[in-house]
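Hi everyone, thanks for coming. I'd like to walk you through one structure today, so please have a look at it while I talk.

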Amino acid sequence: MLVNQINLTSELSIPKGNFDFIIEATHNEQLYLGCLNAEKELMINYDECLINLRRALEMLGIELEKWSRAERDGVSSADALRSIFIDLKRYKSHGDARKERRRVSKKNFYIRHVVDFEKKDHEDFTRQKIKEFIEDYASSYPYEYSDEKKRINSLKSVAYDLYNRCSSPLKEKGSGTKTDCVNLVRLFHRLLCMLNYVQEPYDFELTPMGDYYPIPFDCYDQLSFVRGNNMKIYVSEDGGNYYIFKRKDTEYLDILDQNVYRDRLAALGRMEGEWNILDTITGYGDHPVLEIGTNDYRRSVFPFMGRPRALTPSLVKKLAHEGLREEAVRSILRLFSALHRTQPAIAHTRLTPECIYVCMNSGIPMPYVVDFENERVLNSTNGILSKGMLDDYFNSMDLQKFLAPEVRNSPTLRPWNTEAADVYSLGKIIRYIYEEDEKKVSSYVEKLIVKDPDERPGVAEAARTFSNEVVSFEPTVTIGLDVLIDFRLLVFSMFKGFEDHYINDSITIGRMYSSNGSDIKLDSPIASRTHGRFLKNDHGFEYIDMLSTNGTFINGVLYGAQRNGRTDPKPLKAGDILKIDHPEFKKPHRNAIYMFVLNPSDHEMRQHEIEIFEGMDILIGRDRGDICLTNNRVSKRHGRFVVKKGVLFIQDLNSTNGIFLNGKRVNKPTALNETDCVRIEDYIFIYFEGKIYYYSE
């Protein structure tokens, strides 16, 4: 990869900043990096910006001196550069030891060659450019008549003044200012263009900030991006990470209308709220919202999981072709359900397809919602609308159909139900996503876009209805009917036995503890560092696999994108069995983890084990038997374990509440295989390597 290019796709690359022509003109990477670093610090650290700019000035002098010596002395550029480095050091002449040769200054190289350039016999065009540049510089830094030494009337005076202004932070820390940075970087760019005979204006909007590089607007169409107001998309140096930058407008506080400023901060707050909970509701990973810039120029940085793509018709067709359309819709509904569950709820109310970006992660579409201010202002200085302005106008009109009627009819007043407004927009967007297959969702969408907001379902209900009525999935086995407010999570592994956890809030499970990692540690090499999450919401608990390597089996159904399992959240009920095992093993792995969702218990419990033998007959009951269980829902003679011809059987003795083998009720004596799980109310029995392990009083 060229030092001045970022490869966005296999066919599309963009330059890093405004000084990319330096590489083609001089092939001097040090000079280029000096310019680039000055640009990167332009709105972050004023002193560092000017210091890097001075280094670039010195490197420019060395570059010009190198080619001058190579031509004058008839040597290679490498030999000329070697002689320059010798002259930059102070040393004694071999010819006369009494004479000491003074060290050459990098500044002198720079000044001298700018003066030499000015003295050349240029064509009229170049002379005009030099004159315009001097006038531009003088207007940016007008001199005082009392000090004729600072008068800017030649390239030589410009060269001295430019160097001195860039040296100010080295003399006095904090002396750099925003005005100096913007002007000096821009003027230095013009000077470099003249010295290299490059006609290229400086574009302030293309200035990189920190380690982020802006994607030019002319690349947006090729990347399926949408250009939003007060927002720009950036990319990392390796082209792998994408960010949204949104200005906070701190520098315009004095001139901005306070209502406008408050609305913009509210939009930022909504985005920050969404980004902060993305990892919680979806397992996407960390989404830190950063803030960069100087005190008077702040930007919030929002990182995407991957390359974002706007919800354009081409992306909609791609999702349908790859069988990911339903998954995309479910992800969008799941995201909005979580946003409206927060306190206070994060509502959008002006939702359109242009407000949704989709990133692909492990083949799964992951949505992001951004606030674009759909109504675009048409600024025309001469009263004539250009084609681009007309396109924006009609596009804005077309987007209005996605807004709820109450929002369209009262754009400035906000008496409407924000959740109902979002549900209406989601219904329109779902119809837009299904496009030619609209009939599949027509009855569902009609419920979401009714005119009366009070008759629309909530977002959470809309999400459940979509999963239950529109998309057909393999049914899972669930036991118990009540909503889980809290529960016991009984974890079993061969090496640690049973571990009992009381769960009353959202928690994460995984192989490693960390500040952003697991709350419950699973000691197994086949569990991922952050494997899954039990998420509490208004409807109880649900489990989300967090892109784990081996996925999670829930009642025998595999969840996890990495193994092509289901990716929707699984609502949990008492009796659910979760297992972490290698999906490709025919037999359970010795390191497999079993987890059981059980009702809370007031009894003190511990682990027991029974070694099986031929002819064994063990009675299980509440008041009598070899295994006594104190729960009053256990019958007096509930069931028994029997061994016949080396095979272990479980039998239900006509109990009231039954016995469940691997989540299904048994009605007759049933043989057990290795790692089979038997549940009697809130008690778990596991058959493993000739023993029955169970957890009870």
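**A charged network and its surroundings**

Let me begin with four residues: Glu65, Arg69, Asp87 and Arg112 are joined in a network of salt bridges. Before going on, please keep in mind that this is a predicted model.

Where do these residues sit? Glu65 and Arg69 belong to helix 3, where they take part in its contact with helix 4, and Asp87 is on the helix 4 side of that contact. Arg112 comes from helix 5, among the residues that meet helix 3. With that in mind, let's take the two helix pairs in turn.

**Helix 3 with helix 4**

As some background, a pair of packed helices is described by the distance between the two axes and the angle between them. Here, helix 3 covers residues 46–73 and helix 4 covers residues 77–87; their axes come within 8 Å and cross at roughly 120°. The two helices are therefore oblique to each other. The crossing of helix 3 past helix 4 is right-handed. From helix 3, the contact uses Ile62, Glu65, Lys66, Trp67, Arg69 and Ala70, while helix 4 brings Ser77, Ala80, Leu81, Ser83, Ile84 and Asp87. If you sort those residues by class, six are nonpolar, two polar and four charged.

Asp79 pairs with Arg82, and their closest N and O atoms are 2.5 Å apart. Why is the spacing about one helical turn? Because Asp79 and Arg82 are three residues apart in helix 4. Asp79 is partly exposed, at 37% relative accessible area, and Arg82 also counts as partly exposed, at 49%.

**Helix 3 with helix 5**

Now the other pair. Helix 5 runs over residues 106–119, and its axis comes within 7 Å of the axis of helix 3, with a crossing angle of roughly 70°. That makes the two helices roughly perpendicular. Helix 3 passes helix 5 in a left-handed crossing, whereas its crossing with helix 4 is right-handed.

On the helix 3 side you will find Leu57, Glu58, Leu60, Gly61, Ile62, Leu64, Glu65, Ser68 and Arg69, and on the helix 5 side Lys106, Phe109, Tyr110, Arg112 and His113. By class, this contact has six nonpolar, three polar and five charged residues.

How many salt bridges does a search of the whole structure find? The count is 30. I'd like to show you two that share Arg325.

One partner is its neighbour Glu326, with an N to O distance of 3.9 Å. The other is Asp437, where the closest N and O atoms are 3.0 Å apart. This second pair links distant parts of the chain: Arg325 is in helix 12 (residues 325–341), and Asp437 is in the loop between helix 15 (418–434) and helix 16 (442–448), 112 residues apart.

Is Arg325 buried or exposed? Arg325 is buried, at 7% relative accessible area.

Next, some loops. Asp581 lies between strand 22 (577–580) and strand 23 (593–598). With 4% relative accessibility, Asp581 counts as buried, because the cut-off for that is under 20%. Its C-alpha atom is separated by 8.8 Å from that of Tyr594, 13 residues apart along the chain.

The other two are about backbone angles. Most residues other than glycine have a negative phi. Ser224 has a positive phi, near 60°, and is found in the loop between helix 9 (220–223) and strand 6 (231–236). Asn654 has a positive phi too, of about 55°, and its loop runs between strand 28 (647–652) and strand 29 (660–661). Ser224 is buried at 13% relative accessible area, while Asn654 is exposed at 76%.

**Stepping back**

Finally, the whole chain. The protein has 17 helices and 34 strands. Of its 697 residues, 52% are buried. Taking contacts between residues at least 6 apart in sequence, 57% join residues at least 24 apart.

That's my tour, and I'm happy to take questions.

Technical notes. Residues numbered from 1 in each chain as written. Predicted model: local features only at pLDDT ≥ 70, side-chain atom pairs only at ≥ 80, totals over all residues. Heavy atoms only, no water. Axes fitted to C-alpha atoms, helices over the stretch in contact; angles between N-to-C directions. Helix = DSSP H or I, 4+ residues; strand = E, 2+ residues; numbered from the N terminus. Parallel < 35°, antiparallel > 145°, perpendicular 65-115°, else oblique. Left-handed = near helix turned anticlockwise from the far one by under 90°. Contact = heavy atoms within 4.5 Å. Nonpolar A, V, L, I, M, F, W, Y, C, P; charged D, E, K, R; others polar. Buried < 20%, exposed > 50% of the residue type's maximum accessible area, 1.4 Å probe, protein only. Salt bridge = Lys/Arg side-chain N within 4 Å of Asp/Glu carboxyl O.
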